[in-house]
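Please view the sequence and the model below before reading on.

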Amino acid sequence: QVQLIESGGGLVQAGGSLRLSCTASGRTFSNSAMGWFRQAPGKEREFVAGISWNGGSTNYADSLKGRFTISRDNAKNTVYLQMNNLKPEDTAVYYCAARSRSTVLLVVTTEGGYDHWGQGTQVTVSS
């Protein structure tokens, strides 16, 4: 059974940093695109960042460029999201996603492009 387990969420003051981790079990995703999404209260889930199978290509939501960094360690079957200069509007549940279907895309930016999802980790940024 495939599982994606997120960790690293919590409460942080505005301007602070957090690093989220997502570790996969049940199969390796070292050949798969992976990504992060988030869902704020009362809003739809939105794309945050995506990374290619080898980490060579990344993509970010325009509003987050320069503050968030996605990376991965295939030896650990883990993808990370470093979040700096956090703002109250970054408050959301953050979800990790992985694709298992083959694709010509290096980075996947849409929800429908992913096959596996974690349960999410809460990030709360206080003002």
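The text below treats the aromatic pairs, the charges over rings and the disulfide.

The model is predicted: local features need pLDDT of at least 70, side-chain atom pairs count only at pLDDT 80 or more, and totals for chains, interfaces and linings use all residues. Residues are numbered from 1 along each chain as its sequence is written, and side-chain values use heavy atoms, with hydrogens and water left out.

**Aromatic pairs**

A pair of aromatic rings is described by the distance of the centres and the angle of the planes. Rings of Phe, Tyr and Trp (its six-membered ring) pair if their centres lie within 6.5 Å; planes under 30 degrees apart count as stacked, over 60 as edge-to-face and the rest as tilted. Four aromatic pairs occur in the structure. One of them joins Phe37 and Tyr114, whose ring centres are 5.6 Å apart with planes at 85°, so this pair is edge-to-face. Phe37 belongs to strand S4 (residues 34–39), whereas Tyr114 is in the loop between strand S9 (92–98) and strand S10 (116–117); the pair thus links distant parts of the chain, 77 residues apart. Strands (E, at least two residues) are DSSP runs, numbered from the N terminus.

Tyr114 also pairs with Trp117: the ring centres are 6.1 Å apart and the planes stand at 70°, so this pair is edge-to-face. Ring pairs join Phe37, Phe47, Tyr114 and Trp117 into a cluster.

**Accessibility**

Buried means under 20% relative accessible area, exposed over 50%, and partly exposed in between (1.4 Å probe, protein chains only).

| Residue | Relative accessible area | Class |
|---|---|---|
| Phe37 | 1% | buried |
| Tyr114 | 5% | buried |
| Trp117 | 25% | partly exposed |
| Cys22 | 0% | buried |
| Cys96 | 0% | buried |

**Charges over rings**

A charge sits over a ring if NZ of Lys or CZ of Arg is within 6 Å of the ring centre and within 35 degrees of the ring normal. The charged end of Arg45 sits over the ring of Trp117, at 4.0 Å from its centre. Arg45 also lies over the face of Tyr95, 4.7 Å from the ring centre.

**The disulfide**

One disulfide (a pair of cysteine sulfur atoms within 2.5 Å) is found in a search of the whole structure. Cys22 and Cys96 form this bond, with their sulfur atoms 2.1 Å apart. The torsion about the S-S bond is about -75°, so the disulfide is left-handed.

Notes:
Helices (H or I, at least four residues) and strands (E, at least two) are DSSP runs, numbered from the N terminus.
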